[in-house]
Amino acid sequence: MSPIKIPVKPGLKFEDLCEVRIIPKTGCFVIEVVYEVAEHGQFFCSLNPQLAAIDIGLDNLATIVFNDPTIRPIAVNGKPLKSVNQFYNKQVAKYRGFIKVGKSRRVANIVRNRNNFVDSYLHQSTKMIVDEFLRLGLTHVSIGKNEQWKTHLNFGKRTNQNFIQIPHAKFIEMLTYKLYRVGITVVVNEESYTSRASFIDWDNIPTYQPNTQIKHTFSGKRVARATYVSAYGLKIHADVNGAFNIGRKCNPDGFDCLKSILRDRGCLVVHPRRITPLLERVRAQSGVA
């Protein structure tokens with residue numbers, strides 16, 4: 001009954017439409033179109049299931065490894081989110097210094113633009129991950145996440161600010177429901193000591209107990225932000241090491257096949273394949289490999 005047209009998903013049928021919500025926010029209104037989607041996922045059945053494990057981080061938003069040693073690990077670039085958050089903090093601090101009382105339309109626009117960029121980047125990242133998993137025929141994904149992991153940080157003022165402002169829980173929620181829609185099982189489990197244990201040495205990975213006095217020791221150590229060294233001096237990417245340990249901890253039977261390979265080769269991979277959703281989209285549109 002009005003000339004206003006709302007773009008929706010192509011092919012959306014009217015009978016699938018549940019409701020349309022108009023949500024007032026600072027400086028704008030958000031219109032949400034809610035509809036039902038039938039489950040038409042691809043459910044796999046294989047004697048040798050393909051498994052993946054995901055380590056959530058900062059510079060690498062998600063580091064993905066597989067129980068197949070022939071598949072190179074993937075690192076989703078998280079630096080664009082750090083960059084937009086740093087610019088957002090500087091701009092908000094600048095204009096709030098001028099405004100002592102009341103609200104500012106300029107600050108509201110800065111907040112809205114930042115939130116829109118973050119939501120878009122998370123959606124593009126999760127879409128790329130789901131497409132890659134479908135191409136590889138994955139059946140099971142393990143994600144590491146500790147409860148209340150952002151409430152007691154001790155990484156320093158700058159790192160704490162960067163880590164807190166990236167919505168990792170929202171990223172996991174998006175990825176979980178998108179994987180569920182295509183029939184891939186997702187398990188979110190705690191990841192204590194996965195970054196400190198040595199995957200190459202196949203260290204035992206304990207579970208954190210807040211009231212215990214036991215000191216756990218591990219074979220290797222992290223010597224740099226992206227370098228982990230095993231007991232015999234073999235190097236592996238630190239985030240890849242943590243992701244493999246998450247897979248071992250969440251799904252030990254699925255990743256147990258890598259134990260014999262480690263004894264023969266020592267190290268599986270040093271450098272994961274980094275992907276940036278925005279750049280990958282531009283390259284796909286321009287036809288650049």
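Visitor: How many bridges join strand 4 to strand 5, and do they run parallel or antiparallel?
Guide: This is a predicted model. Strand 4 covers residues 60-66, and four bridges join it to strand 5. The two strands run antiparallel. For a place to look, take alanine 62, which stands opposite valine 76 in strand 5.

Visitor: Which strand pairs with strand 5 in the parallel sense?
Guide: Strand 11, residues 273-275. The pairing runs over three bridges. Here isoleucine 74 of strand 5 stands opposite arginine 273 in strand 11.

Visitor: Which way do the residues of strand 5 point, and are they buried or exposed?
Guide: Strand 5 spans residues 74-77. Ile74 and Val76 point one way, while Ala75 and Asn77 point the other way. All are buried.

Visitor: In what order do the strands of the six-stranded sheet lie?
Guide: Read 7-6-3-4-5-11. The sheet is open and its pairing is mixed. Strand 7 (185-189) and strand 11 are the edge strands, each pairing on one side only. Neighbouring strands are turned by 20° against each other on average, direction ignored.

Visitor: What joins strand 6 to strand 7?
Guide: Five bridges, with the strands running parallel. Strand 6 covers residues 138-144. Its valine 141 stands opposite valine 186 in strand 7.

Visitor: Now the other sheet. Which strands form it?
Guide: Three strands, in the order 8-9-10. This sheet is open too, and its pairing is antiparallel. Strand 8 and strand 10 (235-236) are the edges, and each pairs on one side only. Three bridges join strand 8 to strand 9, residues 227-229. Lysine 221 has valine 229 as its bridge partner in strand 9.

Visitor: Where do nonpolar side chains tend to be in soluble globular proteins?
Guide: They tend to be buried together. In this model, the largest nonpolar core has 32 residues. Ile54, Phe66, Phe133, Val141 and Phe171 touch the most other members. The elements giving two or more residues are strand 3 (50-56), strand 4, strand 5, helix 1 (79-96), helix 2 (105-136), strand 6 and helix 4 (168-181). Helix 2 provides the largest share, seven residues.

Visitor: Which residues make the nonpolar surface patch?
Guide: Ile4, Ile6, Val8, Phe14, Leu17, Val20, Ile22, Phe29 and Ile31. The patch has an area of about 940 Å². Strand 1 (17-25) and strand 2 (28-35) are the elements that give two or more residues to the patch. Strand 1 gives the most, with three.

Visitor: Where does isoleucine 6 lie, and why is isoleucine 6 called partly exposed?
Guide: Isoleucine 6 is in the segment before strand 1. Its relative accessible area is 41%.

Visitor: Next, backbone angles. What is phi of tyrosine 193?
Guide: Phi is near 70°, a positive value in a residue other than glycine. Tyrosine 193 is found in the loop between strand 7 and strand 8 (221-224).

Visitor: Is tyrosine 193 buried or exposed?
Guide: Buried, with a relative accessible area of 17%. The cut-off is under 20%, so tyrosine 193 qualifies.

Visitor: And what is phi of tryptophan 202?
Guide: Near 55°. Again, the value is positive and the residue is other than glycine. Tryptophan 202 lies in the loop between strand 7 and strand 8.

Methods
Residues numbered from 1 in each chain as written. Predicted model: local features only at pLDDT ≥ 70, side-chain atom pairs only at ≥ 80, totals over all residues. Heavy atoms only, no water. Buried < 20%, exposed > 50% of the residue type's maximum accessible area, 1.4 Å probe, protein only. Pairing = 2+ DSSP bridges. Axes fitted to C-alpha atoms, helices over the stretch in contact; angles between N-to-C directions. Patch = residues over 30% accessible without salt bridge, like charges linked within 9 Å, V, L, I, M, F, W, Y side chains within 5 Å. Areas by Shrake-Rupley, 256 points an atom, 1.4 Å probe, with all protein chains shown as cover. Salt bridge = Lys/Arg side-chain N within 4 Å of Asp/Glu carboxyl O. Core = buried A, V, L, I, M, F, W, Y, C linked by side-chain atoms within 4.5 Å.
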